Amino acid sequence: MKKYDVTALGELLIDFTENGVSGQGNPIYEANPGGAPCNVLAMLTKLGRKTAFVGKVGHDIFGKRLKTVLGEVGIDASNLVMDEEVRTTLAFVETFPDGDRDFSFYRNPGADMMLLTEEINMELLRDTQIFHFGTLSMTHEKVRNATRAAVAAAKEAGAMISFDPNLREPLWRSLEDAKEQTAYGLSQCDILKISDNEIQWFTGEKDYDMGIRKLREQYDIPLIMLSMGKEGSRAYYKDLRVEIKPFLQEHTIETTGAGDTFGACCLHYVLKYGLQNMDEEKLREMLTFANAAASIITTRKGALRVMPGEEEVREFLEKR
């Protein structure tokens, strides 16, 4: 047995989310710990999984706070590097009335971009069942090289590779560059979590099934989870296509972290049943639980510190 269930590499940052208006009519922002890979790990930790994070933050007030938060939620931060010169990446999140978001990043450069291959503890990667990553750690050459080295080390040690493109257009020099790095992730992964807009962007197909078919013709990915927001989610596995409706909330505040929560729950079920042992019933169970957990997180500010536990998700489902 390996020490860690899931190890993730990537960005750890501060999401400044709107939280009211001041007496002068100015927006008030709350500093929430964030970053997709750590959101995934936080949910998995809540589900009882052993997790670890690889990344870099600034040796500043935000970086120190983020390191403390990882410890509080139970994520192993032994390979969190503190950069003495470059500051922690910040993201300001504008939330629209329907809960959707727009991001403004302060990352030119940001500490997460500065992770070097030699700063990664490869032994940690060899001691994990699943290695998870996205494309934000491939926007620039140095961290891209570090990410690819980590993927290679994890694969060599027999880890399953999990990939979530998590496209953030403003962070790329060009969308062609983004597409090239996404293609690399698709070529490496055993488990893919992709959103509706990402599958349309990457394949050029408006119909999701057509897009997934095109993806599967080019890449050998055993399990693909498609998140479709208010339309629910789908799983594609061998010759199976399973779709589960969403749990829409009256009290949705924002959708930050919902996709990460969904993806984490799916990884939890892969660990529970095994990638080779999924069937229609298990896929339905997986998507139902994942949709419910994602629905709960849309009623909360931020994500990393407020993930629901398994009992809360079960209680939510019982009331539906």
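1. A definition to start: a residue is buried under 20% relative accessible area, exposed over 50% and partly exposed in between, with a 1.4 Å probe and protein chains only. By that scale F92, at 26% relative accessibility, counts as partly exposed.

2. A word on provenance, before the details. This is a predicted model, where local features need pLDDT of at least 70 and side-chain atom pairs count only at pLDDT 80 or more, while totals for chains, interfaces and linings use all residues. Residues are numbered from 1 along each chain as its sequence is written, and side-chain values use heavy atoms, with hydrogens and water left out.

3. Now the rings, which pair if the centres of Phe, Tyr or Trp (its six-membered ring) lie within 6.5 Å; planes under 30 degrees apart are stacked, over 60 edge-to-face and the rest tilted. The structure holds 12 aromatic pairs. In one of them, the centres of F16 and F62 are 5.8 Å apart and the planes stand at 90°, so this pair is edge-to-face. Because F16 belongs to strand 2 (residues 13–21) and F62 to helix 2 (residues 61–73), the contact ties together parts 46 residues apart in sequence. Helices (H or I, at least four residues) and strands (E, at least two) are DSSP runs, numbered from the N terminus.

4. Ring pairs join F16, Y29, F62, F92 and Y106 into a cluster.

5. Please look at strand 11 (residues 223–227) too: five of its five residues are buried, so the rest of the structure largely encloses it. L223, M225 and S227 point one way, I224 and L226 the other.

6. What are the neighbours of strand 11? Strands pair if DSSP finds at least two bridges between them. Strand 10 (residues 191–195) runs parallel to strand 11 and is joined to it by five bridges, with S195 opposite S227. Strand 12 (residues 233–237) pairs with strand 11 in the antiparallel sense, also over five bridges, and R234 is the bridge partner of L226. Strands 11 and 12 form a hairpin with five residues between them, and G229 in the turn has a positive phi of about 60°.
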